[in-house]
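Hi there,

Here is the structure I promised to pass on to you. Have a look at it first, and then read on for what turned up.

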Amino acid sequence: MPKLIDKFNREITYLRLSVTEHCNYRCFYCRDDEQTPNCKREDILSYEDIEKIVQIFAELGITKVRLTGGEPLLRKGIVKIARLISRIDGINDVPLSTNAHLLEKFAEKLQQNGINRANISIDSLIPERFEKITRGGDLTKVIKGIDAAIQAGMHPIKMNVVVMRDVNDDEIESMVDFAIAKNIDVRFIETMPIGAVGIEALSQHVSEQQIFEKINQHLGNKLTPITPNQTDGPAHNFKIKGTNSTVGIISAVSNHFCQTCNRVRLTTKGDLILCLGQEDAISLKDAVRSDLTDDEIKQMIINAINKKPEKHEFDTIDNISNRQMVEIGG
Ligand code: SAM
């Protein structure tokens, strides 16, 4: 079986698949406050397109497909999409990224249809603050969603917290305690300069070192580093001794983690994005709807992977100001 290995010798095994650009939350660092325009049905990948593209990726060595968005639970047929993908030969890991607003309703069905684990975005445990950050979010629903995912047997469940100075950096310790109490994991994410709002939020950036020091002070000598494995992604993870929880920090800005990047992203409209911090993309939607054979599409993907940039260029932020995170899927 051919593998997707780029010219920097990175093997690509992970596809992040955005299934909708719509989101019921409007986190101020992720997107503007505008209503996402409805696009024509034919402009977004259909179930058949998704199944075919993932099948082709699986034949090229992709083993993990994350469902993301926008908010993936807003996509009609999300359970069907989960089922179609998780049944594809070679795909053995289908996690979900969600804000959990609708997870109480969907957790069990998704788990039964192949979603083995979930990352849940939650930037505050204070209801009014949570509502402000998300511009209208409901913390009670999110916590019910987390409980439903635990109940459904998704494992691991990771809380994703974007840390921002004077917004929620005083909650790092309580987030850790919450994760320990629920037997789940927590990961703190540095703000990334994606889109105009992300660039603006960079002024509230808190570095990995500062986040680590707060956690370390809180937990004393309870943190043991976890040796990363190939599919772990960019987080620096620690086991919290005496608990079932881990804590991680994702530091896209203070540290380039690009040398171990194993992922590509597919947007709702079928654009294959090779790097979060670069503008290049190729359309796979047109390819799967054309007369191209699967082998020809595979070759297109191999050629694209060959062009995967060595690293993101968050430092020259002009070139990534046009895309919002909500369109890319995180
Ligand atoms: N709606 C889902 C969710 O809430 O997880 C999936 C999409 S959301 C775009 C994926 C992740 O991207 C979330 O954890 C969100 O906090 C993160 N994110 C969005 N904008 C970001 C930024 N500027 N910097 C760092 N993380 C960001």
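**Two helix pairs**

Let me start with H1 and H2: Tyr47, Ile50, Glu51 and Val54 in H1 meet Lys80, Ile81, Leu84 and Ile85 in H2. By type, the residues of this contact between H1 and H2 divide into six nonpolar, no polar and two charged. Please keep in mind that this is a predicted model.

How are the two helices placed? H1 spans residues 47-59 and H2 spans residues 78-86, and they pack at an angle of about 25° with their axes 10 Å apart. Because angles under 35 degrees count as roughly parallel, H1 is described as roughly parallel to H2. The crossing in which H1 passes H2 is right-handed.

The other pair is H6 (residues 172-182) and H8 (residues 208-219), which pack at an angle of about 60°, with 9 Å between their axes. That angle makes H6 oblique to H8. H6 passes H8 in a right-handed crossing. On the H6 side, the residues that take part are Ile172, Glu173, Val176, Asp177 and Ile180, and they meet Ile211, Lys214, Ile215, His218 and Leu219 in H8. The residues of this contact of H6 with H8 comprise six nonpolar, one polar and three charged.

**The annotated region**

UniProt, in an unreviewed entry, places the feature "domain: Radical SAM core" at residues 7-222. Over residues 7-222 the chain is 39% helix and 14% strand, and the C-alpha atoms at the ends are 40 Å apart.

**Cysteines with a binding site annotation**

An unreviewed UniProt entry gives the annotation "binding site" to Cys23, Cys27 and Cys30. Here is what I have on two of them.

- Cys23 is in the loop between E1 and H1. Its relative accessible area is 18%, so Cys23 is buried. Leaving out residues up to four places away in sequence, Cys23 touches Arg31, Gly70, Glu71, Leu74, Asn99 and Val326.
- Cys27 is also placed in the loop between E1 and H1. With a relative accessible area of 14%, Cys27 is buried. Not counting residues up to four places away in sequence, Cys27 touches Ile133, Thr134 and Arg135.

**Other binding site positions**

The unreviewed UniProt entry also lists Tyr29, Gly70, Ser121 and Met192 for "binding site".

Tyr29 lies in the loop between strand E1 (14-18) and H1. Is Tyr29 buried or exposed? At a relative accessible area of 14%, Tyr29 is buried. Apart from residues up to four places away in sequence, Tyr29 touches Asp123, Ile133, Val162, Met164, Thr191, Val197, Gly198 and Ala201.

Gly70 sits in the loop between strand E2 (64-68) and H2. Gly70 is buried too, with a relative accessible area of 14%. Once neighbours within four places in sequence are set aside, Gly70 is in contact with Ser18, Thr20, Glu21, His22, Cys23 and Val326.

**One more loop residue**

Thr268 is in the loop between strand E10 (263-266) and strand E11 (271-273). Its relative accessibility is 3%, so Thr268 counts as buried. Which residues does Thr268 contact, leaving aside its neighbours within four places in sequence? They are Ser18, Val19, Thr20, Glu21, Asp43, Ile44 and Leu45.

Conventions:
Residues numbered from 1 in each chain as written. Predicted model: local features only at pLDDT ≥ 70, side-chain atom pairs only at ≥ 80, totals over all residues. Heavy atoms only, no water. UniProt positions renumbered as here; feature names shortened; annotations may be inferred. Helix = DSSP H or I, 4+ residues; strand = E, 2+ residues; numbered from the N terminus. Axes fitted to C-alpha atoms, helices over the stretch in contact; angles between N-to-C directions. Parallel < 35°, antiparallel > 145°, perpendicular 65-115°, else oblique. Left-handed = near helix turned anticlockwise from the far one by under 90°. Contact = heavy atoms within 4.5 Å. Nonpolar A, V, L, I, M, F, W, Y, C, P; charged D, E, K, R; others polar. Buried < 20%, exposed > 50% of the residue type's maximum accessible area, 1.4 Å probe, protein only.
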